[in-house]
Each structure stands twice: as structure tokens, then as C-alpha cells.
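Me: I'd like to learn how to read a structure like this one, feature by feature. Could you walk me through it?

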Amino acid sequence: MAPGKKGILERLNAGEVVIGDGGFVFALEKRGYVKAGPWTPEAAHTHPESVRQLHREFLRAGSNVMQTFTFYASDDKLENRGQALKITGAQVNEAACDLAREVANEGDALVAGGVSQTPSYLSCKSETEVKAIFKKQLDVFMKKNVDFMIAEYFEHVEEAEWAVQVLKASGKPVAANMCIGPEGDMHGVSTGECAVRLVKAGAQIVGVNCHFDPMTCVKAVKMMKDAVEKAGLKAHYMVQPLAFHTPDCNCQGFIDLPEFPFGLEPRILTRWDMHAYAREAYNVGIRYIGGCCGFEPYHIRAVAEELATERGILPAASEKHGMWGAGLEMHTKPWVRARARRDYWEQLKPASGRPLCPSMSTPEGWGVTKGHADLLQHKEATTQQKADVSL
């Protein structure tokens with residue numbers, strides 16, 4: 001950590017609002033640097049300029065944390081289901097740490113090393129084997145001296161506990177996020193109980209990321225907060241949701257939607273939706289507020305602008321954005337100039353422009369999870385025959 005920078009717990013203990021970044025895998029997939037399906041982050045090694053630029057855009061938009069682009073960067077994931085990468089997890093993790101640190105040093109941002117759920121856990125590998133995967137990633141994060149750790153995107157609290165237990169050995173602050181909603185994890189553990197177990201495992205910051213829209217995620221974190229307080233424990237809380245509306249999702253979230261992952265654009269939240277999200281998260285006591293899949297820098301800028309009074313600062317990117325559309329006062333057309341006001345954007349009901357489309361979908365909801373034969377992972381590529389059986 002650069003001299004003079006306050007650590008994550010120092011900031012949260014002081015009641016500061018920490019703004020996270022957004023969803024790198026989705027953003028970089030759209031830009032042509034990540035393959036949908038494996039969703040692995042080898043671009044940190046193969047195309048560092050793409051990752052560096054996205055970090056810079058989030059920093060300019062107001063992010064206080066540069067999370068390493070290490071989602072699914074474990075060796076078992078990099079070689080899962082036919083991937084034939086000539087890049088090791090260590091190479092990806094090291095490159096990601098260097099990029100995050102480089103950009104964090106350009107502003108008042110911290111570097112968070114991240115680990116996520118593993119194919120090994122889904123395949124019922126032992127606790128020792130799964131923890132060894134996390135330890136291998138942690139070794140790189142310690143070598144690169146990241147500022148704190150994030151265990152994120154866990155569907156099962158048991159695996160998240162294992163990750164926290166490994167990461168806390170670093171002596172650095174540990175945050176833990178489940179990719180669950182109000183219904184709990186994939187084995188039926190309640191959302192509140194998940195949080196209690198993560199705090200007991202050693203996490204100082206708990207919350208949720210991905211799989212659900214902002215308001216659903218805020219509701220889930222509120223349930224976590226209530227349960228942790230009822231248990232007589234203390235923690236800070238974070239939320240990093242999707243930038244997609246998901247009112248029709250079930251327990252497993254947006255991956256069950258028929259639009260996942262290539263038809264989700266009609267569901268994207270507007271910047272004004274993000275204002276409402278930031279305010280709601282703040283009001284329930286969440287102080288680490290960021291985003292996950294679908295979040296672009298302008299979404300994070302909206303979060304930073306909504307909480308500008310509480311934070312005492314506007315992001316650099318606001319130089320090119322008038323609050324509540326004020327910049328439209330400079331538009332050449334009078335009817336567009338008339339939209340330069342808050343009430344217009346707060347009351348707008350955006351149309352999709354798709355006459356034959358329903359407002360909601362029917363999730364597929366297979367209802368299978370760790371331990372089911374359908375989820376056993378392997379190194380070999382999925383055959384066309386097996387792919388057809390999945391239909």
C-alpha cells in the first residue's frame with residue numbers, strides 16, 4: 001500500500017463510503033478480450049493494455065478499489081472443459097496484481113486480490129484439495145503485497161468458508177461475498193446464516209456479489225446484517241450486484257435466465273437506476289458499494305455522484321457529466337434541453353423498443369448443485385453429443 005493511503009478497514013471503521021469497481025469479465029467479453037463460457041481472465045497476461053484501461057476508467061469514475069482481474073484464475077478453472085491455455089494461474093494472477101497496483105497508484109485506490117469458486121468444489125474434491133487451490137493464488141497475492149483480500153462469487157457457504165480460512169492466514173483484511181439472493185445458498189443455508197458463518201470463519205467484511213439486481217442484493221445484505229447483529233457479531237458490509245434487472249430470477253440468479261449471457265442488454269440498469277441503488281444501499285448501512293457483471297464505469301460514476309455529499313468528493317469523470325442531466329442545457333434542440341432536470345429522469349419509464357418481447361422471462365431452474373452428476377467437471381472438451389443432451 002502506498003505511503004499515506006488508509007487501508008480498507010481504516011476507511012470503513014471511520015464510516016467512509018468505499019466504492020468498488022465493476023464487472024471485468026462481462027465488460028472485457030464485450031470488448032473482445034474474454035471468452036464467454038469459461039469466463040477466465042487470461043487477458044491480464046495476454047492483453048494487459050485492455051485490463052489497464054478498464055481499471056483506469058473505473059478509477060476515473062470514482063472507484064476506491066482496484067480489484068485484481070483474477071476471477072476464475074485458478075489452474076483447475078483455466079484447464080477446465082477443454083481449455084488449452086499455455087498460461088498458468090500464477091502468470092495470470094501476477095500480471096493482474098501488477099496492473100491493479102499500477103492504476104491504484106494513480107489515485108487514492110487500494111488493491112484487492114480476489115479468489116472465486118472452483119470447479120474442484122463442484123466435483124466434490126476434498127477440503128484439503130480445494131484449499132490448496134486458494135493457497136496457490138494467495139501465495140501470489142502475498143508476493144505482490146495486495147492491500148486486502150476478497151473471496152467472491154461463491155454459491156456454497158462451505159466453500160466460501162474454506163476460502164476465508166485460507167485468506168485470513170495472510171494477516172490482511174478479508175472480505176467475503178456470496179453470489180446468492182434472499183433465498184440463501186445452493187444447499188439451502190439461509191442468507192443470514194451464510195453471513196454469520198463467514199464472520200466466524202474470519203471475514204471482516206461480508207456481503208453479496210453478482211447473480212441478482214442491485215435492489216435484490218441490497219435486500220440480501222440487509223438480511224446478512226440483521227443476522228450478524230442478532231448473533232452478537234460485528235462486521236462491515238459490501239454489495240456488488242449485477243447491472244441487470246432480474247425480478248424473474250429464482251435461487252440461482254441470472255445464469256438461469258434464457259437471455260444469459262448474450263441477450264441481457266434490454267435489462268441493463270440506467271445511470272438513474274444506479275442513483276436509487278446507491279442511496280438504498282447507503283440507507284441500510286452498507287458502506288462498500290460497487291458492482292459486478294454488466295457494470296460499466298458510468299454506472300460507478302452514478303454511484304459516486306449519488307453519494308458525493310457523504311463522500312465529500314465528485315469523481316474526475318463528472319467533469320464530463322452534469323448532475324441529473326444538467327449538460328443537456330447545452331443541447332441544440334429545445335425539447336432535449338427541457339430534459340435537463342432531475343424529476344424528468346427519476347420519473348422516466350424507459351421503453352425497450354421491442355414490440356413482441358415479454359417484460360419477464362421464465363428461468364430454466366435446473367435445481368442441481370454440488371454433488372450432482374451433471375456438475376462434475378473435467379479437463380476434456382464437452383462433446384457435441386453431451387452438449388445436445390444439455391438442451
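Me: Which residues of α6 are buried?

Reply: Buried means under 20% relative accessible area, exposed over 50%, partly exposed in between (1.4 Å probe, protein chains only). In α6, the buried ones are Gly89, Val92, Asn93, Ala95, Ala96, Cys97, Leu99, Ala100, Arg101, Val103 and Ala104. Bear in mind that this is a predicted model, where local features need pLDDT of at least 70, side-chain atom pairs count only at pLDDT 80 or more, and totals for chains, interfaces and linings use all residues. Residues are numbered from 1 along each chain as its sequence is written, and side-chain values use heavy atoms, with hydrogens and water left out.

Me: What do the buried residues of α6 pack against?

Reply: Here you look for contacts, meaning heavy atoms within 4.5 Å. Those α6 residues pack against α3 (43-46), α4 (48-61), β2 (65-67), α5 (75-78), β3 (110-116) and α8 (127-143). The names come from DSSP runs, numbered from the N terminus: helices are H or I with at least four residues, strands are E with at least two.

Me: Which residues of α12 are buried, and what do they pack against?

Reply: Trp272, Met274, His275, Tyr277, Ala278 and Ala281 are the buried ones. They pack against α11 (214-230), β7 (236-240), β8 (288-289), α13 (297-306) and α16.

Me: Is His156 buried or exposed?

Reply: His156 is buried, with a relative accessible area of 1%. You'll find His156 in the loop between β4 (148-154) and α9 (157-167). Leaving aside residues up to four places away in sequence, His156 touches Tyr121, Leu122, Met178, Asp185, Met186, His187, Thr369 and Lys370.

Me: How about the chain as a whole: how many helices and strands does it have?

Reply: The protein chain has 17 helices and eight strands. Its radius of gyration is 20 Å, close to the 21 Å that the globule rule gives for 391 residues, so the chain is as compact as a globular protein of that length. That radius is taken over C-alpha atoms, and the rule is 2.2 Å times the number of residues to the power 0.38. Of the 391 residues, 54% count as buried.
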